[in-house]
Amino acid sequence: MFRRREPVPFAFLAEAQRFRSNVTPPPRQRASFGEMAGRWLLGLTLVAGLVGALVVGTPALSPPSGTPAQQSQASQGH
């Protein structure tokens with residue numbers, strides 16, 4: 001890294017790239033059984049909702065099958 005030649009109003013900002021902390025953060029606590037079960041239950045609920053919406057919505061998106069296409073009277077020239 002090269003040093004800046006012009007004066008910097010906040011010298012600590014110029015030195016911030018080289019700063020390393022010697023303070024380590026505390027270790028993360030493990031989630032309790034209830035928290036883990038709640039996360040799994042929430043995830044399963046979301047997935048089940050998406051699958052249910054897909055199953056319910058799929059027939060509405062497909063074209064009707066087995067019924068003959070009806071033509072309006074206007075298209076027959078009446």
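I looked up the nonpolar surface patch: Met-36, Trp-40 and Leu-44 form it, with about 360 Å² of accessible area together. Patch residues have over 30% relative accessible area and no salt bridge, nonpolar side chains being joined within 5 Å; a salt bridge is a side-chain nitrogen of Lys or Arg within 4 Å of a carboxyl oxygen of Asp or Glu. Areas are Shrake-Rupley values with a 1.4 Å probe.

The model is predicted, with local features requiring pLDDT of at least 70 and side-chain atom pairs pLDDT 80 or more. Residues are numbered from 1 along each chain, and side-chain values use heavy atoms.

I then checked Trp-40, which is found in helix H2 (a DSSP run of H or I, at least four residues). Trp-40 is exposed (over 50% relative accessible area), at 61%.

Key. Patch = residues over 30% accessible without salt bridge, like charges linked within 9 Å, V, L, I, M, F, W, Y side chains within 5 Å. Helix = DSSP H or I, 4+ residues; strand = E, 2+ residues; numbered from the N terminus. Buried < 20%, exposed > 50% of the residue type's maximum accessible area, 1.4 Å probe, protein only.
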